[in-house]
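Please look over the sequence and the structure shown below, and then read the report that follows, which goes through a few of the strands, a core and a helix.

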Amino acid sequence: MSSRERIPTAPGGAGATWTAIGSRVDVRVADRSALDGAAEIVDQEIERFDEACSRFREDSELSRVNARAGRPVEVGEVLLDAIELALRGARLTDGSLDPTVGLALEQAGYDRDWELMFARPDDEDSGEDTAPHAGSPRVIARCRAGWRQVSVDRTGGRVRIPAGTKLDLGATAKALAADRAAAAVHVRLGCGVLVALGGDIATAGSAPDGGWRVHVTDDHRDGACASGQRLAIASGGLATSSTAARRWRRHGESMHHIIDPNTGRPARTPWRTVTVAAADCTDANIASTGALLRGTQAPAWLRALGLPARLVSVEGRIVKVGSWPVQGERRAESVEAHA
Amino acid sequence: MKPIRRDSLRHTSGSRDAALRRLRSANRWLLAGSALLTAVFADLASSAFSGHPSSAAGASRAARRGHTATKPLRPPAQAPRAAGPQSVQPPAQTEAEAPAQASTEEGAPEQPSAPAQQAPEAAPEPREAESSEAPPSEPSEPVVSGGS
């Protein structure tokens, strides 16, 4: 964890930001005196999730499950919850959001913590074959509908994933951690709170007057000055999935971290960024990543679910679904409303 | 040559017919039994790999058995709204932005971007460009929701 930086906020409130698990962490509280306690609680929750769900920590429970694919492995409550949530995401998106794409992600080159990837010499566009199995039929075949063969024994506290697969919970575990952290702060300190983990936002308790201020953009690291939209949310969760974030090059090819389970390769989608508001962060996250993978059907799918959303096409066209506000765009080139 | 007696012939054909009837009956029982066993084994297999019904029928069967139904995605109690007037600006065109397209029915092939100085990050083309200007003064810095 990096040192926390205090953020100026609305009168009475307070905020802090720092870096953990390769992502920016933001905490806002409606009661200034609760900030330090809230930040501690959020840190503890992040650590709990990292110990259970990290694909990059050798000592994590998820690494144990992945190393023993095909056999049942005893795991704790946090990982059980995270895996069940990931399977729920797969069911709700008809398998578009498949947590068994871990191996495909590795083959695409995303096999270590994001910060460590900067130090990898073989990611330069050298043209050398540094990913021998990238996109091979073997990997693709194992990606397809692997989630249906994941077995969760809640009573016995055991998980078994299909042999030859690896789980990646990055899509949903972070959102679950944000929801849990926000709820924990609210329960223990009794104040309204917003927690953002790598751009996925969860809230709990009462928001300050005017709501929590949020800026929606392609990559959460770009900050509030980047092109995007200014919003205020009073409750629930907000999540953004984007193919513009976490990109790298492999064998001359531009890669990103959202894998299409049908191909085992980074998804080719008409959308570069999808933001969804939902009752909580996990629902918003499932919907935003699911929409990104649904391609042209995404606006209709989100509309049918009653989820307000903002989609940005690869060309920069903005499509707004449901009750998503039209105003507040900064440097928008084209905005469409799909009521 | 000894002639074949008519009643003997009748006896032989009667026995054959009876045997054929028994065979047909046995076949029917075998078919019914194998269908039943298939159903039993399928049910056992679906129980062993629980919780992922592949169809609406499967889902309703799971629900009857008391499996947890998949909770649908829930909309927010209150939709987001545009933030305060100081941040609401009319849409503006800038040179840094890609031109608007009339349709995005087909995903445009991603433009290969130049290798980043510091791999692996390589910005896609086009993407929402960073503003070179500072935002208007606001009472608080907003939290950023973006891809991660």
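## A covered strand and its partners

A:Arg28 stands opposite A:Leu194 in strand β7 of chain A. This is a predicted model, in which local features need pLDDT of at least 70 and side-chain atom pairs count only at pLDDT 80 or more, while totals for chains, interfaces and linings use all residues. Residues are numbered from 1 along each chain as its sequence is written, and chains are lettered from A and ligands numbered from 1 in the order in which they are written. Helices (H or I, at least four residues) and strands (E, at least two) are DSSP runs, numbered from the N terminus, and two strands pair if DSSP finds at least two bridges between them.

Strand β3 (residues 23–29) of chain A is joined to β7(A) by five bridges, and the two run antiparallel. Five bridges also join β7(A) to β8 (residues 200–204) of chain A, again in antiparallel fashion, with A:Ala196 standing opposite A:Ile201. β7(A) and β8(A) form a hairpin with two residues between them, and A:Gly198 in that turn has a positive phi of about 55°.

In β7(A), which covers residues 193–197, five of the five residues are buried (20 or more other C-beta atoms lie within 10 Å of a buried residue's own, whereas 12 or fewer make a residue exposed and counts in between partly exposed, with C-beta atoms placed from the backbone). In a regular strand the side chains alternate between the two faces of the sheet. On one side of β7(A) are A:Val193, A:Val195 and A:Leu197, on the other A:Leu194 and A:Ala196, and all of them are buried.

## The largest nonpolar core

The largest nonpolar core has 98 residues, of which A:Ala82, A:Ala178, A:Val195 and A:Val276 touch the most other members. Such a core is a set of buried Ala, Val, Leu, Ile, Met, Phe, Trp, Tyr and Cys residues joined through C-beta atoms within 7 Å.

Leaving aside neighbours within four places in sequence, A:Ala82 is in contact with residues including A:Ala52, A:Cys53 and A:Leu169 (contact requires C-beta atoms, placed from the backbone, that lie within 7 Å).

Three strands of chain A make an open sheet in the order β4-β6-β5, with antiparallel pairing. Because β4 (73–74) and β5 (151–153) stand at the edges with a single partner strand each, one side of each is left without a neighbour in the sheet. Three bridges join β5(A) to β6 (residues 158–160) of chain A, and A:Ser151 stands opposite A:Arg160 in β6(A).

## A buried helix

In helix α8 of chain A, 14 of the 14 residues are buried. Just after α8(A), A:Gly295 takes a positive phi of about 65°.

Definitions and conventions. Contact = placed C-beta atoms within 7 Å.
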